[in-house]
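The following paragraphs lead through a structure part by part. Please keep the sequence and the coordinates at hand while reading.

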Amino acid sequence: MHYLFIAIALYAFWLLLSGHYVALLLALGGLSVLIVVFFLLRMDRVDGEPSTLRPSLKFFRYIGWLLWQVVLSNIALARRVWDPALPIRPTWGKLDTKLPLPLEKALYANSITLTPGTLTTDVRDDHLMIHCLSPEELEELRKGEMERRIKDIGV
Amino acid sequence: MSSIISHLIEWVSGFFLLAGGFLCISGGVGLLRMPDFFSRIHASGMTETLAAPMLLCGLMLQMEWSLDLVKVLMILIFILATNPTATHSMAKAALHGGLRPLVKEPGDDEKGEVSSKT
């Protein structure tokens, strides 16, 4: 069932990108979808825990919030770059996280990296290593608003 | 009425393109001014996370309703989805290769800022 859904989604995606609706090309597209799903089946056997992120309303709300944060931190960073004094104080430190699931942790690390000014350099079981342009940004992350919002998605 | 809307779209599109271009330049300037590899990554992040999406949004507003519009939207999503992965692996590779981030402790100098002199 899970794989059927993936196959349909992949085929819809292929149709969207190709824009050709000739029988031969449609068949070739179907064939490549089948091959991809076959590979996926084999890989999931190795991986052991196929986890997917269900696109829910909460997830899209989080994405919206994240994009707004990206805009805000871009403006802040652009201001610093153009400031003649270059007011930066690079910091590299530990950020504790209590998110249990690998998927949540991956989302957290990616969100941190996507926001300019903060960068995840390592992901461990109970903490992330963060490089950022000023200690204030690390403090902001330690307050845990982003972590709470990711928890709220409820993967 | 429709000409007002098309004018509005034209202006919004122009704003997006200008802002995106400005952010691209900021990213380049940041790349030159930042003191070490890791802080340069932050500067280059500006061009990927906001400048490129803004340019693509500006282009999308100028396009007709067609399959190409969806493709540009896809490019936008892929840029946003792959950028953190690429950035993270770059930083991790640098750390693995023995490069350590330049870190300024609060007591290092009075202003607590990294000087931009090379």
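**A guided reading of chains A and B**

Over residues 20-41 of chain A the chain is 86% helix and 0% strand, and the C-alpha atoms at the two ends lie 28 Å apart. Helices here are DSSP runs of H or I with at least four residues, strands are runs of E with at least two, and both are numbered from the N terminus. According to the unreviewed UniProt entry, the annotation "transmembrane region" covers residues 20-41 of chain A; such positions are given in the numbering used here, feature names are shortened, and annotations may be inferred rather than shown by experiment.

The model is a predicted one: local features need pLDDT of at least 70 and side-chain atom pairs count only at pLDDT 80 or more, whereas totals for chains, interfaces and linings use all residues. Residues are numbered from 1 along each chain as its sequence is written, and chains are lettered from A and ligands numbered from 1 in the order in which they are written.

Chain A is assigned domain 1 (2-47) and domain 2 (57-153), with bounds that come from an automatic or database domain assignment. The C-alpha centres of domain 1 and domain 2 of chain A are 35 Å apart.

The next element to examine is the sheet of chain A. Three strands form an open sheet in the order β1-β3-β2 (chain A), with antiparallel pairing; two strands are taken to pair if DSSP finds at least two bridges between them. The edge strands are β1 and β2 of chain A, each of which pairs on one side only. Direction ignored, neighbouring strands of this sheet are turned by 30 degrees against each other on average. Axes are lines fitted to C-alpha atoms, for helices over the stretch in contact, and angles run from 0 to 180 degrees between N-to-C directions.

Strand β3 (residues 127-132) of chain A pairs with β1(A) in the antiparallel sense over 6 bridges. In this pairing, Thr91(A) stands opposite Cys132(A) in β3(A). Helix α5 (residues 135-142) of chain A packs on the sheet and touches β1, β2 and β3 of chain A, its direction making about 5 degrees with that of β1(A). Contact between two residues means that their C-beta atoms, placed from the backbone, lie within 7 Å. Strands β2(A) and β3(A) also run antiparallel, joined by 5 bridges, and they form a hairpin with 3 residues between them. Thr120(A) stands opposite Ile130(A) in β3(A).

Two further residues of chain A deserve a look. Trp65(A) has its place in helix α3 of chain A, and Trp65(A) counts as partly exposed because it has 14 C-beta neighbours inside 10 Å. A residue is buried if 20 or more other C-beta atoms lie within 10 Å of its own, exposed if 12 or fewer, and partly exposed in between, with C-beta atoms placed from the backbone. Although Trp65(A) and Arg149(A) are 84 residues apart along the chain, their C-alpha atoms are separated by 9.2 Å. Leu86(A) is located in the loop between α3 and β1 of chain A. Most residues other than glycine have a negative phi. Leu86(A), which is not a glycine, has a positive phi of about 50 degrees. With 17 other C-beta atoms within 10 Å, Leu86(A) is partly exposed.

Chain B contains 3 helices and 0 strands, and its elements run α-α-α from the N terminus on. Buried residues account for 26% of the 118 residues in chain B. Among contacts in chain B between residues at least 6 apart in sequence, 62% join residues at least 24 apart.

Gly27(B) lies in helix α1 (residues 2-33) of chain B. Is Gly27(B) buried or exposed? Gly27(B) is buried, because 26 other C-beta atoms lie within 10 Å. Neighbours within four places in sequence aside, Gly27(B) is in contact with Ala43(B), Ser44(B), Met46(B), Thr47(B) and Ala51(B). Of these, Met46(B) is 19 residues from Gly27(B) in sequence and 5.5 Å from it in space, C-alpha to C-alpha.

Finally, the two chains meet. In total, 29 residues of chain A are in contact with 33 residues of chain B. On the side of chain A that touches chain B, α3(A) gives the most, with 7 residues. Helix α3 (residues 67-96) of chain B lies across β2 and β3 of chain A, running at about 60 degrees to β2(A).
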